[in-house]
Amino acid sequence: MPNNQLTIALSKGRMQDDALAMFARAGIVVEESELKSRKLIIHSADGRYAFILVKPGDVPTYVEYGVADAGICGRDVLLESQADVHEPLDLKFGYCRIAVAGKRELMGQDYNLLATVRVATKYKRIASEYFQQKGVPIEVIPLSGSVELAPLIGLSDRIVDLVETGRTLKENGLDVIEVITESTARLVVNRASFHLKRQEVGSLIAQLTDILEKERENAKHA
Ligand code: PRP
């Protein structure tokens with residue numbers, strides 16, 4: 001790989017298309033044949049960028065360990081991983097909430113601080129810290145997907161999960177009980193790359209900042 005090439009870790013799945021679309025608006029284009037392939041490493045047409053396609057929760061790891069110079073992932077993932085990475089830009093897309101959810105009858109109910117609440121989640125750290133701050137003892141039940149099932153089949157009282165449109169909760173008879181925090185996509189940069197590849201990283205940040213400013217202007221005049 002040429003030394004001035006930047007390797008960028010992208011979350012596969014819901015954020016991948018939005019991230020690549022933003023790069024395209026910034027003039028960093030990936031050819032259709034690459035996009036349609038099942039390759040896990042794809043390149044921009046100008047060869048300046050290599051994109052590695054990874055599980056969302058793994059983006060901070062690839063960037064922290066420096067095998068990717070930069071990455072794009074949700075704030076939710078960063079809060080959960082606590083990886084030591086530089087976070088220079090909020091890219092504004094991929095908005096979602098991280099919320100406590102459960103069956104509707106739980107809405108407005110106070111917690112019994114003497115009873116342990118079972119919470120199923122992919123976000124062990126976020127859930128633990130949130131309930132610890134409230135002084136509510138919890139037992140975290142770690143799951144890696146289809147978390148909404150847990151309250152339906154009696155595995156947990158509540159879940160802590162990502163809510164984007166709210167459709168999954170609604171269609172499973174669940175509701176948001178409390179919003180813990182909000183999340184959008186972030187650009188993250190490896191701390192060493194930030195200095196060693198200052199010019200390349202700086203130009204990427206400048207290009208993305210330019211797009212964000214243009215979008216802000218367009219939204220103002222819409
Ligand atoms: C996420 C999340 C919810 C759903 C929320 O799951 O865990 O299940 O999306 O989206 P909505 O509010 O728009 O319905 P994901 O699709 O990532 O799959 P998973 O269940 O395998 O984690």
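Where is Gln82 placed in the chain? In this predicted model, Gln82 belongs to the loop that runs between α4 (75-81) and β5 (86-90). The backbone at Gln82 has a phi near 55 degrees, a positive value in a residue other than glycine. Most residues other than glycine have a negative phi. Gln82 is classed as partly exposed because its relative accessibility is 46%, a value that lies between the limits of 20% and 50%.

A positive phi, of about 45 degrees, is also found at Ser146, which is not a glycine either. Ser146 sits in the loop between β8 (138-142) and α6 (149-152). The relative accessibility of Ser146 is 55%, so this residue counts as exposed.

Charged side chains were examined next. Side chains of opposite charge can pair when their charged atoms come close. Across the whole structure, 17 salt bridges are found. One of them joins Arg14 to Glu164, with the closest N and O atoms 2.1 Å apart. This pair links distant parts of the chain, the two residues being 150 residues apart. Arg14 is in the loop between β1 (6-11) and α1 (16-25), whereas Glu164 is in the loop between β9 (158-163) and α7 (167-171). With a relative accessible area of 58%, Arg14 is exposed. Glu164 has a relative accessibility of 44% and therefore counts as partly exposed.

In helix α7, Arg167 and Glu171 are 4 residues apart, about one turn of the helix. Their side chains form a salt bridge with an N to O distance of 2.8 Å. Both residues, Arg167 and Glu171, are exposed.

A salt bridge also connects the side chains of Lys214 and Asp210, at 3.3 Å from N to O. Lys214 and Asp210 are both part of helix α9 (residues 198-221), and their spacing is again 4 residues, about one turn of the helix. Lys214 counts as partly exposed because its relative accessibility is 46%. Asp210, at 37% relative accessibility, is likewise partly exposed. Elsewhere, salt bridges that share partners join Glu87, Asp90, Lys92 and Arg186 into one network.

A polar side-chain atom of Thr165 is 2.5 Å from a ligand oxygen. For Asp161, a polar side-chain atom is 2.8 Å from an oxygen atom of the ligand. Arg167 takes part through its backbone, a polar atom of which is 3.5 Å from a ligand oxygen. On its own, the ligand has 490 Å² of accessible area, and the protein covers 71% of this.

How values were computed: Residues numbered from 1 in each chain as written. Predicted model: local features only at pLDDT ≥ 70, side-chain atom pairs only at ≥ 80, totals over all residues. Heavy atoms only, no water. Buried < 20%, exposed > 50% of the residue type's maximum accessible area, 1.4 Å probe, protein only. Salt bridge = Lys/Arg side-chain N within 4 Å of Asp/Glu carboxyl O. Polar contact = N/O pair within 3.5 Å; in protein donor to acceptor, adjacent residues only side chain to side chain. Areas by Shrake-Rupley, 256 points an atom, 1.4 Å probe, with all protein chains shown as cover.
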